[in-house]
Amino acid sequence: MEKILGQAKRVAEEAEVFMVSSEETPVQFEANRLKHVQNKQTSSVALRIVKQGRVGYATTTELGDSQNLVTNAVETAQFGMTAKFELPPLTPYPQIETYDPDVKSVSLEKMIELGGKLVATVKSHTPDILCEAGVTKSTVSVRIINSRGGQANYRKSIFSLGIEGTLIRDTDMLFVGESESSCHPLLEPEAVSKAVLRQLELAKNQASVPSQPLPVIFTANGIASALIPPLMAAFNGKTVLQGASPIGNRLGQPVFDKKLWLWDDPTVAYRPGSRPCDDEGIPSQRTPLIEQGTVTNFLYDLQTAALAYTKSTGNGSRSRGGLPAPSPSAFIITPGKTSFDEMVNDMKEGLVIEQLMGASQGNILGGDFSGNVLLGYKVENGKIVGRVKNTMVSGNIYQVLKQITAIGSETKWVGGFLSTPPLYCPEVSVASK
Amino acid sequence: MPHIEVIGHKLAESLNGYSADYIEAHLEESQGSYITYRGRELESTGRTTAVGGNIRALVRGGWGFASFNNLDELPGKVKLAVKQAGLVSNGKSKLAKVAPVVDTVPAKIDKNPVVIPLTEKKRLLDEYNDVIWNTPKLQTSIISYGDGYKKTVFASSPGSYIKQERADITLRLTAVATEGNEVQQTGLSIGSLGEFDTIAKLHQQVEEMAQHAVELLSAPQAKGGEYTVVLDPVLAGVFVHEAFGHLSEADFVYENDHLRQIMTLGKNFGRSELNIVDSAAIPKLRGSYKYDDEGVPATKTYLIREGKLVGRLHSRETAAKMREKPTGNARAINYHYPPIVRMTNTYIEPRSASFEDIIGDIKEGIYAKNWYGGTTSMEMFTFSAGEAYMIRNGKLAEALRPVMLTGNVFTTLQNIDAIGNDLEMNQGGGCGKGEQMPLPVSNGSPHIRIRHCLIGGR
């Protein structure tokens, strides 16, 4: 890496070398049976340079071939975007735990046993279900160095467990599923299988829903599928800079319900979204996005921040090996005081939404969400009475989150990148046939 | 750069020395470049190079798979894949019989598109962007160009050793027009199996695309309801790929009893004029190749012949399990993934009707062109056309806002009652399945006429 940086410095004003290597071991079950055990090792280097004020960029998996990498970056710098940012010098980083050596040492046999247990538990509850399950361990290591003397490196371990079940009866299909991930090994699959069994229990009966606005409880999974995509777009500094975010000019203004607090937080110990710095070497920070319903910040990488005359929030992220762009690390919604059961008890007639299908195909930028309820339950007189089918839910986050009846007291991590309690919203439009 | 051929030869010799029923190795060297524009400004450009590979092993019905960038420790990777497969093994290995092949297949192109200087590529994109921006009422443009060139080596324990090269180019352009609160957009997607010239003379098409975005601002919306609909080759091709092609992929079918019943060979799906084919053996299309990623020679597979379901697409494993012939359709997007059943070039075979014949006796109908978006869930589909026109008294009439078509796949296939003589292959698409996307494919059709097709107002 030092060699690449050295060569790049000779031909460019600024240079940054980013290297990531990872090893992932997934164990996969299909149609209730163990199907694949895989091992995937990757390593790649990205070189970003600034030459005559313009950004050049090239990537390779070949660490040895530094000259070619530099030549490629120089060629693209002829017409890359104008660099407005300065790479960070050597800075101290917060101590954030993201690596547990025990993840690597979980044996394949143990992982197969865990997956087998998940499938067996769900099948013993509902014998004719078809399950796909996965148990994955992975480790990632990241290193960044740049021409201003900045450097950072860290390791991360991730362990995840998940299961999806499909129950087909004639032409009726029921989809259930749950997953969990952590930087620690997850050796107790009971929490995941228990959640699936609960879904199967609640879905045993079918219930009908009237086509009219109804109160809705979004569970953590429901929030992830319906409400998070528009929030991610709205708080992305790039969207704001392009003038495409509905809240772009509402900093400091109350936009959401006063009970709502939202953070971007890469500093929680042993969470998959955590890291000491972002992909540009900017130290991680907890960024409040919504405080008491008021919009307080947007998320930035270096270039976008410079164009917007502000500072990076440490949210530069390189997806698929491309140039850094703003992206959340982990969204945290602060819990409230109402338990899930109290929310259900409070409802005369309404819905609980666990999973929306196709929710992010609409006008996300405008805050819209709409989709088919893949998994959701009807509530009547304070009790869940069964699952709903052929039901479309649609709304707009700027209306739905403006007035929230209650924020749940039980938080849950979804996919390692969202921690949220359930949200109880007074009115969402529901169409059913 | 390590030579994957040198490494490949050495590795190939050793593949028989392990206790596995079958082992295969893929090695790959690739290069690529991309340029994207958002509005007037170039948004990003870069060059990529990669080397990597994988080993796949089969032991008593169980698969192990190891992928890597580092080619130094290959015997260790083979051992790992064999060990993993051993842990999965829970039955008998079943692979359809295929004779081992030793062959070298060069990319049949004049010039590797990746080595063309970025300046030249950028000059062309600037010209297209100027064409878009010179159109009045145009709000913005999005352009994304990408190319790639890769060499692959495939070796298997029964003795196959296949070296293949291929190139790929994609270009997508979008024009967005606005007036007041109205926003309309049109797009153009072009691709080729590495020939840069095929994307170099599109100025006329780009101009028409941009002008059409502006025309749409004042175009009326279709009234929802049932119509006789004529699809152009692009939209009909996407329909045949999305709505029918995926159901023909044997890995969807072989462990799903419900779908197995629906897709019984011999079942009637359409009128006797209807033939649907998938073939990687046609030269020079984006889905073309000589051997798939299991070393099986490409074939021409009739999925529907004279209206009846006669075939489906297979990997060696699905073919063996369903006791059908292998078709050479196992493909992986790159060395990070094992090959799975995929389409290649999928199309409806042309018949005799001219475009005039097809629309001639339609009193009131809709001509839907171009692909905008859509989804399918097994039996149902919803597609958006990028362009639409009314057909009145056998003639094309006013332009409409983009329309959405929806229906049941099987009823819709039955309702195709005219098939044109003007087959065209659309090379602009990429196909996604599981985590593996976009895979280069092409699809096509002549103009087709569908009776009783449900059109939604948008």
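## Chain B: contacts and overall form

In chain B, residues 24 or more positions apart account for 74% of the contacts with a separation of 6 or more. This comes from a predicted model. Burial can be stated too: of the 458 residues of chain B, 51% count as buried. The chain holds 10 helices and 24 strands.

The radius of gyration of chain B is 24 Å. The globule rule gives 23 Å for 458 residues, which is close, so chain B is as compact as a globular protein of that length. Along its principal axes, the C-alpha trace of chain B spans about 70 × 55 × 35 Å.

## Where chain B meets chain A

The two chains touch. On one side are 33 residues of chain B, and these are in contact with 35 residues of chain A. Four elements of chain B each supply at least two residues of the side that touches chain A: β2 (41-59), β3 (62-68), α2 (74-88) and α3 (118-133). The largest share is that of β2(B), with 12 residues. By class, the side of chain B that touches chain A has 16 polar, 12 nonpolar and five charged residues.

Strand pairing also crosses between the chains. β3(A) and β2(B) run parallel and are joined by three bridges. Within β2(B), B:Arg47 is the bridge partner of A:Ala58.

## Two domains in chain A

Chain A is divided into domain 1, residues 2-200, and domain 2, residues 206-433. Their C-alpha centres lie 23 Å apart. Between them, 30 residues of domain 1 are in contact with 26 residues of domain 2.

On the domain 1 side, the elements of chain A that give two or more residues are β2 (33-51), β3 (54-60), β4 (130-146), β5 (151-169) and β6 (172-182). Of these, β6(A) gives the most, with five residues. The side of domain 1 that touches domain 2 has 15 nonpolar, 11 polar and four charged residues.

## A six-stranded sheet in chain A

Chain A has an open sheet of six strands with mixed pairing. The strand order is β10-β9-β8-β13-β20-β19. At the edges stand β10 (294-295) and β19 (412-414). Each has a single partner strand, so one side of each is left without a neighbour in the sheet.

A:Val414 has A:Leu418, in β20(A), as its bridge partner.

## Nonpolar cores

In soluble globular proteins, nonpolar side chains tend to be buried together. In this model, the largest nonpolar core has 154 residues. The residues with the most contacts inside this core are A:Ala8, A:Leu47, A:Ala73, A:Phe218, A:Leu351 and A:Ile353. β2(A) gives the most to this core, with seven residues.

What does A:Phe218 touch, not counting residues up to four places away in sequence? The residues are A:Ile223, A:Ala226, A:Leu227, A:Ile353, A:Pro422, A:Leu423 and A:Cys425. A:Ile353 is itself listed with A:Phe218 among the residues with the most contacts inside the largest core.

A second, separate core has 49 residues. It includes B:Val234, B:Leu235, B:Leu274 and B:Leu303.

Terms used. Residues numbered from 1 in each chain as written. Chains lettered and ligands numbered in written order. Predicted model: local features only at pLDDT ≥ 70, side-chain atom pairs only at ≥ 80, totals over all residues. Domains from an automatic or database assignment. Contact = placed C-beta atoms within 7 Å. Nonpolar A, V, L, I, M, F, W, Y, C, P; charged D, E, K, R; others polar. Pairing = 2+ DSSP bridges. Core = buried A, V, L, I, M, F, W, Y, C linked by C-beta atoms within 7 Å. Buried ≥ 20, exposed ≤ 12 C-beta atoms within 10 Å, placed from the backbone. Rg over C-alpha atoms; globule rule 2.2 N^0.38 Å.
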